[in-house]
Amino acid sequence: MKTNWLLLLIALFVVCCSDDNSTSGTDDSEDAAVIDDEQNDLLVPGQGKHGSKDGSKDSGTKDDSKGDSKSDSKSDSKDGEKSDGGSKSSEKLPDEVGPVEVVDEPVIVDTSTVSTADELPKCTADNEGESLAVGDEKALYFCVGGEWVTGVVELFGVTCSDGVLKLNENAAVVPEGTLEEDSLVTYRRTGVNLVGTAEKGPFLHGTTVKVIELDSMQRLADSKRAFETCVSSTDGSFAFENANLISPYVRVEATGYYRNELTGGLSSSMVTLNALTDLTSRDTVNVNMLTHLAAPRVRKLVEDSGNNQPIGAMGARALTDVLSAFEINLGGGAGGFNGGGFNGGGWGFGGQQQTTMTAAGGKFAEDVSLFGGDDYSGALLAVSIMMQSNGTGNDMLYLTNKISEDIKGDGNWGDNNDKAKLADWLVSLDISGGFATIRKNMSSWNQGEVPEFEKHLRNFWTKVHMFETCSDYTAGQVKHIGNSMSQYFVSYYEQPDGPRIRFICDKETKTWREASDLEKDTYNFGPGDYPGQIRNGVINTDKYYVYDQDEKSWRAATSDDIQEFVDIKEVYEGLASDEKVIFILRHAERGDDTGKKGHLTTNGKTQSQSVGAKFKGETFALKNSTYTRSYETCENIAIGAGLTGAKQDTMPVLDGEWYVKDETKFENYKNTDGGGWVVASAYAYKGMYSDAFYDLDDRSEEFISDVVKPEFAKAGRVSIWVSHDMFVAPFTTYCTNHKANLRYFDTKQWINYLAGVAIIMDGKGNLRYVPVKGIESGTMTL
């Protein structure tokens with residue numbers, strides 16, 4: 001910078017400003033900037049928001065320039081995507097902000113902002129003219145002559161390039177937003193002071209803003225008249241002073257980095273957003289996602305009017321169309337705003353009759369801002385969030401431009417596949433807590449109250465996925481996604497394969513949310529048939545739920561309700577030195593012949609041998625029923641254990657009729673009530689069919705006292721008894737105090753092959769019982 005410029009600036013600052021407006025910065029470099037631990041390179045905040053200047057996006061890439069602000073190295077960029085102008089730091093943000101789970105990209109830390117003025121780095125010749133934001137202050141601090149000062153933008157102006165803002169090096173500054181004018185030109189408006197805000201999230205200082213006049217005689221093509229300024233505040237606001245307009249129709253373009261609400265950091269690259277507006281009777285124009293989406297629609301509406309309507313007559317209708325495309329309806333109708341036009345040539349000139357369309361409250365896209373405090377602010381934020389579903393930078397603009405081109409034609413977004421994809425992304429964002437993260441991120445910017453955007457996002461995904469409005473009428477309903485284009489699609493509620501996610505209309509908040517396992521698995525269960533009833537989940541069929549009679553509701557089953565089956569080997573290896581065990585098991589897999597002479601299948605023999613292998617090295621006794629399949633199970637267990645000539649006794653008491661009191665009545669119930677498994681399980685758990693069966697408790701205790709205990713007296717350390725399901729299932733139910741889930745009548749769970757109960761006796765004669773499994777599962781589901 002020129003010496004005379006510095007002297008003039010310092011003199012003016014001393015005269016006009018108090019000591020409170022300047023600071024020399026701290027000499028402590030650790031407080032002033034981020035230090036690169038490996039090379040001790042200083043990543044100076046204020047180098048165009050990017051930390052190091054080597055052009056990389058990875059803070060781990062080192063820069064040998066030691067923070068030289070004059071470096072012009074640029075990173076490679078995609079077509080249409082602006083170069084970084086410097087790298088971004090992807091360091092972890094403070095705990096209070098951070099990325100949402102569905103975003104897989106580094107968090108770009110804003111190194112152009114410090115929390116307090118005390119954290120400003122030392123102002124030196126190396127960072128002369130550069131700017132930093134401090135906390136929630138709106139004004140920027142500039143490094144000038146060894147001091148950090150504010151209030152100098154209006155005096156000397158600024159320049160911006162590649163997202164970097166610096167003071168103008170020339171003392172004689174032409175006010176921003178002006179052109180060298182032709183005295184022969186007739187201006188439609190003169191001395192216009194135009195202001196606005198550029199937002200995706202808020203664009204950062206250093207953003208370039210252009211106003212390009214449109215030629216109304218050339219179908220709104222860009223003319224050669226353009227004004228340019230820089231965002232030189234912390235909230236994305238900009239201003240043009242004393243502009244003289246030949247055409248009131250303009251395109252406003254903002255190019256820069258923005259605060260990313262999804263990550264809590266900055267965008268990884270610069271983007272360009274546009275607004276199309278009519279400055280006939282307005283001096284405020286915002287640039288945002290709504291204006292960008294609406295611009296092509298405005299052009300098309302003007303064209304469809306035969307070029308007889310000005311931009312101002314079509315802006316509100318275009319906004320309504322854009323919002324409607326995202327299932328947002330804020331009202332609207334005809335009349336209420338004079339779109340303007342001039343009494344002269346071009347569209348809308350000459351006093352033609354003009355039809356105007358307005359949104360509720362007279363809102364146009366260029367009237368809306370993120371922190372405007374109304375429902376339009378929430379709508380803008382919702383749409384801004386949705387546009388990042390495809391990524392950031394060029395990926396975001398690709399989706400945005402694709403949608404805007406679709407809306408352009410008839411005001412509708414007709415790509416149902418893209419809608420479903422976006423709705424799915426919002427579902428993921430919603431159920432992962434992303435909405436709360438976004439709100440927290442934006443609150444940390446201290447720009448104002450974050451608008452209510454959540455309802456618009458939820459409304460979009462629920463409408464696209466064909467959900468009814470959540471209300472008092474639908475409260476408590478649980479639904480699946482029936483949109484076949486969705487990645488969460490299932491054809492019916494109880495579909496056993498496919499996504500298990502379901503949604504419930506919350507009766508308190510009147511919003512659809514992800515249903516818990518309990519809510520979706522017990523939906524439409526109704527009251528239990530009996531206290532303590534256990535049922536499988538409707539969606540998660542591997543989960544169990546218990547009916548609590550006192551609470552008159554279902555709850556998730558716990559280990560106190562259901563006792564899991566333990567592998568035989570685990571029980572065997574866990575025996576204490578003074579303990580003995582008798583395993584009472586159902587036989588292995590059988591063939592179709594259920595009579596006494598029916599054999600095991602080949603797989604049944606393999607199953608038996610695998611159980612025997614768990615006891616290799618152990619000598620044990622085997623006992624079978626009078627049925628062939630029981631004998632073959634014992635035989636193959638011995639083979640698997642490597643035992644030859646193992647003692648194998650036949651015990652008729654193991655045949656399976658131990659609990660049956662009246663065989664004729666039992667057969668009748670089997671024929672009328674759904675089969676033996678239904679009848680036997682209902683007897684064991686509900687005490688039904690008392691005329692056909694003995695009392696479960698009495699009969700089980702009789703078996704233990706008259707059969708089991710006498711055998712313990714003469715048995716070795718391990719015995720294996722092989723019986724049948726009609727005995728093993730009720731006996732296991734008794735031994736586990738009804739906690740083994742063999743409720744075939746209710747849950748379709750039944751005792752599996754080679755499963756049953758281990759009866760363990762210690763040296764003092766005390767018994768304990770453990771449900772056991774010889775193969776993968778202790779139960780079978782049919």
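Is Tyr523 buried or exposed, or partly exposed? Select Tyr523: it is partly exposed, with a relative accessible area of 24% (buried means under 20%, exposed over 50%, partly exposed in between, with a 1.4 Å probe and protein chains only).

The model is predicted, so local features need pLDDT of at least 70, side-chain atom pairs count only at pLDDT 80 or more, and totals for chains, interfaces and linings use all residues. Residues are numbered from 1 along each chain as its sequence is written, and side-chain values use heavy atoms, leaving out hydrogens and water.

Next, show the aromatic rings. Rings of Phe, Tyr and Trp (its six-membered ring) pair if their centres lie within 6.5 Å; planes under 30 degrees apart are stacked, over 60 edge-to-face, and the rest tilted. By this rule there are 29 aromatic pairs.

Tyr493 and Tyr523 form a tilted pair, 5.7 Å centre to centre with 50° between the planes. Tyr493 sits in the loop between β18 (478–479) and β19 (503–505), and Tyr523 in the loop between α11 (517–521) and β21 (534–536), 30 residues apart; helices (H or I, at least four residues) and strands (E, at least two) are DSSP runs numbered from the N terminus. Tyr493 is buried, at 9% relative accessible area.

Move to Tyr744 and Trp750, an edge-to-face pair at 6.5 Å and 75°. Tyr744 is buried at 13%, and Trp750 is buried at 1%.

Then select Trp658, Tyr659, Phe666, Tyr683, Phe693, Phe703, Phe727 and Phe731, which form one aromatic cluster.

Finish with Arg535, which lies over the face of Phe525, 3.9 Å from the ring centre (CZ of Arg or NZ of Lys within 6 Å of the centre and within 35 degrees of the ring normal).
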